[in-house]
Amino acid sequence: MSSNAGVLAARLEAEAGALVPAAAAVVSHQAMLLETAIKAAASGRPGPNAPTGDYRRSWTTEVRATAAGVEAVVGTNKPQANRLEYGFVGADSLGRVYHQPPLPHVGPSVDRLGPGFVAALGHLAEGIVR
């Protein structure tokens, strides 16, 4: 039984220098698409209303290389994010009672763009293996 594992390993080693920048480009592009989709979904029904645009503008993307590869964080520092995405029923810390339905805008955006992200990484991997 023979294998091309040695050849493939050598090829992957040779391509490693180009892999991180290429992966960073794919991850960065896909993360920006996600940020844009979240902002669009947070611009009125069925997502949350955006009377001032402050919440929508608060979404940011950070891409960085790590020891494990490349990662992107798409997020907001606004405290209302969880309440808008998942809803809130009950009393808050000030005793005000709410029955706020969820207005999902992050989850649907991730679900819609996830397959494209996986496909883009697949194309990157195919390019290295060829």
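The largest pocket of this structure holds about 240 Å³ of space. A pocket here is an open set of points, on a 1 Å grid over the protein atoms alone, with protein on both sides within 12 Å along at least five of seven lines; a cavity, by contrast, is a set of points where a 1.4 Å probe fits but cannot get out. Grid points are joined across faces, edges and corners, and the volume is the space filled by probe spheres set on the points. The model is predicted, so that local features need pLDDT of at least 70 and side-chain atom pairs count only at pLDDT 80 or more, whereas totals for chains, interfaces and linings use all residues. Residues are numbered from 1 along each chain as its sequence is written, and side-chain values use heavy atoms, with hydrogens and water left out.

The lining of the largest pocket consists of 13 residues, a lining residue being one with an atom within 4 Å of a point. Gln-30, Ala-31, Leu-34, Val-74 and Phe-117 are the ones that lie nearest the centre of the pocket. The elements that give two or more residues to this lining are H1, strand S2 (69-75) and H4. Helices (H or I, at least four residues) and strands (E, at least two) are DSSP runs, numbered from the N terminus. S2 provides the largest share of the lining, 5 residues.

Gln-30, one of the residues nearest the pocket centre, belongs to helix H1. Gln-30 is buried, with a relative accessible area of 14%; buried means under 20% relative accessible area, exposed over 50% and partly exposed in between, with a 1.4 Å probe and protein chains only. When neighbours within four places in sequence are left aside, Gln-30 is in contact with Leu-113, Gly-116, Phe-117 and Ala-120, where contact means heavy atoms within 4.5 Å.

Helix H1 (residues 5-41) also contains Glu-35 and Lys-39, which form a salt bridge whose closest N and O atoms are 2.7 Å apart. A salt bridge is defined as a side-chain nitrogen of Lys or Arg within 4 Å of a carboxyl oxygen of Asp or Glu, and by this rule the count comes to 5. Because Glu-35 and Lys-39 are 4 residues apart in H1, about one helical turn separates them. Glu-35 is buried at 8% relative accessibility, while Lys-39 is partly exposed at 23%.

Two further salt bridges may be considered. Asp-92 pairs with Arg-96, the closest N and O atoms being 2.7 Å apart. Asp-92 is buried, with a relative accessible area of 13%, and Arg-96 is partly exposed at 44% relative accessibility. Elsewhere, salt bridges that share partners join Glu-62, Arg-64 and Glu-71 into one network. Arg-64 is partly exposed, with a relative accessible area of 33%, and Glu-62 is partly exposed at 44%.

The aromatic residues come next. The structure holds 2 aromatic pairs. Rings of Phe, Tyr and Trp (its six-membered ring) pair if their centres lie within 6.5 Å; planes under 30 degrees apart count as stacked, over 60 as edge-to-face and the rest as tilted. Tyr-55 and Trp-59 form an edge-to-face pair, 6.1 Å centre to centre with 85° between the planes. Tyr-55 is buried at 9% relative accessibility, and Trp-59 is buried with a relative accessible area of 6%.

Phe-88 and Tyr-98 also form an edge-to-face pair, 6.3 Å centre to centre with 65° between the planes. This pair links distant parts of the chain, for Phe-88 lies in strand S3 (residues 88-91) and Tyr-98 in strand S4 (residues 97-100), 10 residues apart. Phe-88 is partly exposed at 23% relative accessibility, and Tyr-98 is partly exposed with a relative accessible area of 28%.

What sits over the ring of Phe-88, 4.0 Å from its centre? The charged end of Arg-83 takes this place. The charged end of Arg-83 also sits over the ring of Tyr-98, 4.9 Å from its centre. A charge sits over a ring if NZ of Lys or CZ of Arg is within 6 Å of the ring centre and within 35 degrees of the ring normal.

Finally, Pro-102 lies in the loop between S4 and helix H4 (107-129). Pro-102 is partly exposed, with a relative accessible area of 45%. Not counting residues up to four places away in sequence, Pro-102 touches Leu-84, Glu-85, Tyr-86 and Gly-87. The C-alpha atoms of Pro-102 and Glu-85 are separated by 5.4 Å, although these residues are 17 residues apart along the chain.
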